[in-house]
Amino acid sequence: MAVSTTAFAGAKLETLLFSNTAAAASSPSAAASVAASPAQIGLFGKVGRPSRRSLQIQRGFGLGLNSVNSTIKCEVSSNVLETTNAASSSSARSPSLSALEQLKTSAADRYTKERSSIVVIGLSIHTTPVEMREKLAIPEAEWPRAIAELCGLNHIEEAAVLSTCNRMEIYVVALSQHRGVKEVTEWMSKISGIPVSEICKHRFLLYNNDATQHLFEVSAGLDSLVLGEGQILAQVKQVVKVGQGVMGFGRNISGLFKHAIAVGKRVRTETNIAAGAVSVSSAAVELALMKLPESSHATARMLVIGAGKMGKLVIKHLVAKGCTKMVVVNRSEEKVAAIQEEMKDIEIIYKPLDEMMNCTAEADVVFTSTSSETPLFMKENVMDLPLVDPSVGGLRLFVDISVPRNVGSCVNDLETARAYNVDDLKEVVAANKEDRLRKAMEAQAIIVEESKQFEAWRDSLETVPTIKKLRAYAERIRTAELEKCLSKMGDDITKKTRRAVDDLSRGIVNKLLHGPMQHLRCDGSDSRTLTETLENMHALNRMFSLETEISVLEQKIRAKVEQTQK
């Protein structure tokens with residue numbers, strides 16, 4: 001798409017909205033076109049659904065294939081993102097004009113011709129090493145603040161954050177795709193300290209239907225390291241729970257995540273994708289057992305640090321593998337006591353956090369799953385610990401499923417210890433690849449169907465401004481004509497007569513509007529009906545000069561202005 005002189009207002013949106021001084025008008029000679037062909041934009045899914053499908057099959061639907069890091073590269077060239085603004089012209093507008101008035105009188109704005117886009121800017125276990133993901137991770141308690149900051153960016157209307165041990169994904173509704181992506185990427189760089197160029201090497205970008213389908217796949221467990229695992233659906237639900245009442249978690253993003261939850265449930269109900277599925281926690285236990293001599297499985301001393309959801313699952317899977325005794329270190333005893341009550345036949349010994357190093361010295365395998373933002377174990381913490389008995393391999397194993405990591409990679413420099421993180425679990429989940437791929441293909445048909453339904457629902461939202469505008473237009477005419485009528489009837493008419501005339505005028509307007517309103521509504525399940533609805537909307541806009549597109553733009557600008565003034 002070329003950015004021509006007609007895109008002046010879009011290129012200068014910040015100037016028009018947030019400056020009290022006069023804005024400069026762009027001249028035809030100054031507004032140099034900046035072209036970005038599809039070939040320049042390295043996005044999977046952008047060029048069509050088949051390419052996205054083929055890429056997803058290559059990466060194995062989240063099967064943890066070793067080749068995936070080299071397969072998935074979804075970037076936008078920095079020269080495309082950093083689009084240059086049009087040069088300012090020699091003549092300035094009158095300073096007495098408001099930003100909105102300047103916008104209305106300027107060249108046609110690109111945002112009146114293109115509806116806002118749903119965009120996902122993501123870094124996942126498939127594309128990004130854990131060292132980078134942990135710097136970008138945002139704790140759940142900070143999601144509302146992150147949403148507020150994202151929506152404070154010039155070209156972002158709505159936002160949501162999905163941050164887990166395997167992914168960091170930002171979902172936004174953007175007024176401009178390229179500018180929105182640029183602003184969000186710079187924001188991610190600011191909060192993490194990672195250079196923009198480094199983020200661009202690992203991120204993936206998806207727009208509109210591709211972004212929708214991606215979230216549905218995530219919710220269904222197709223994009224997980226462990227195919228069909230159920231924890232990601234709970235995490236998507238948590239995004240909605242945290243977002244309720246947060247300014248910026250708007251109708252489009254909220255609707256997207258709620259639909260994703262329904263898709264995740266439907267896929268698990270109608271397919272057997274979750275049958276026999278393992279979780280990250282169970283994969284961690286499997287990995288530890290793979291690294292231990294088989295003869296030591298029953299005797300190895302197990303230590304679990306952290307008794308949250310992940311830690312509890314680790315304990316359950318250790319028990320399922322025959323472990324009958326373990327030590328659990330946690331900040332408080334309450335959660336451990338609940339686990340002890342649930343597993344009365346298992347010897348679970350609670351230790352407070354200040355005894356962590358003593359417990360580690362007596363353990364052969366250490367599982368860590370805490371929310372600590374700084375490592376619990378570094379090389380210097382481990383180097384002086386007692387040696388592990390050769391009967392259990394002679395190496396103290398640290399299996400870390402936390403993001404940010406609880407165990408520094410420097411621990412691997414020691415000859416007496418080995419540290420594994422979530423990226424190392426691919427070795428476990430690569431088994432039975434063909435069976436999981438078949439299950440994923442079964443679920444894909446449901447996701448495609450649901451994606452179409454969501455897009456149809458979102459398309460139908462376009463008629464809402466026209467409905468409001470048409471009602472307001474009719475109401476203005478009704479009240480004006482009613483006043484004329486009542487003035488001719490004189491001042492001595494009774495309240496009953498006045499009410500009767502008012503009711504008559506409302507009844508006539510409502511009956512006249514009934515037909516047009518019916519043709520502006522659809523349930524989104526019929527593509528033909530939706531097409532006709534949008535055609536009717538444009539016809540009504542032309543017939544009644546409703547200027548719905550300008551109205552929508554005004555609403556967006558006013559919202560942005562109000563946001564910056566708070």
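Author: Happy to. Let's begin with a term: contact means heavy atoms within 4.5 Å. Axes are lines fitted to C-alpha atoms, for helices over the stretch in contact, and angles run from 0 to 180 degrees between N-to-C directions. Helices (H or I, at least four residues) and strands (E, at least two) are DSSP runs, numbered from the N terminus. With that, helix H16 (residues 334–342) lies across strand S6 (325–330) and S7, and runs at about 175° to S7.

Reader: Thanks! Anything I should know about where the values come from?

Author: This is a predicted model, where local features need pLDDT of at least 70 and side-chain atom pairs count only at pLDDT 80 or more, while totals for chains, interfaces and linings use all residues. Residues are numbered from 1 along each chain as its sequence is written, and side-chain values use heavy atoms, with hydrogens and water left out.

Reader: How many helices and strands does the protein chain have?

Author: The chain has 24 helices and 10 strands. Of its 566 residues, 51% count as buried; buried means under 20% relative accessible area, exposed over 50%, and partly exposed in between (1.4 Å probe, protein chains only). Among contacts between residues at least 6 apart in sequence, 75% join residues at least 24 apart.

Reader: Back to S7 then. What is the strand order in the open sheet of 6 strands?

Author: The order is S7-S6-S5-S8-S9-S10, with parallel pairing. Two strands pair if DSSP finds at least two bridges between them. Strand S7 (347–352) and strand S10 (417–420) are the edge strands, each pairing on one side only. From one strand to the next, the twist averages 20°.

Reader: And how many bridges join S5 to S8?

Author: There are 4 bridges between strand S5 (residues 302–305) and strand S8 (residues 365–368), which run parallel. Met302 stands opposite Val365 in S8.

Reader: Which residues does Cys323 touch?

Author: Leaving aside residues up to four places away in sequence, Cys323 touches Met302, Leu318 and Ile346. Cys323 sits in the loop between helix H15 (309–320) and S6, and counts as buried at 11% relative accessibility. Ile346 is 23 residues from Cys323 in sequence, with the two 8.2 Å apart, C-alpha to C-alpha.

Reader: Switching topic: what pairing does the open sheet of 4 strands have?

Author: Its pairing is antiparallel, in the order S2-S3-S1-S4. Strand S2 (156–163) and strand S4 (204–207) stand at the edges with a single partner strand each, so one side of each has no neighbour in the sheet. The twist averages 15° from one strand to the next. Strand S1 (residues 117–124) and strand S3 (residues 167–174) run antiparallel and are joined by 8 bridges, with Ile121 opposite Ile170 in S3.

Reader: Now helix H9. How far apart are its end C-alpha atoms?

Author: They are 22 Å apart, which agrees with the 22 Å that its 16 residues (177–192) should span at 1.5 Å a residue. The expected span is 1.5 Å times one less than the number of residues. Just after H9, Gly193 takes a positive phi of about 80°.

Reader: Last one: is Ser505 buried or exposed?

Author: Ser505 is buried, with a relative accessible area of 14%. Ser505 is in helix H22 (residues 495–518) and touches Arg478 and Leu482, not counting residues up to four places away in sequence.
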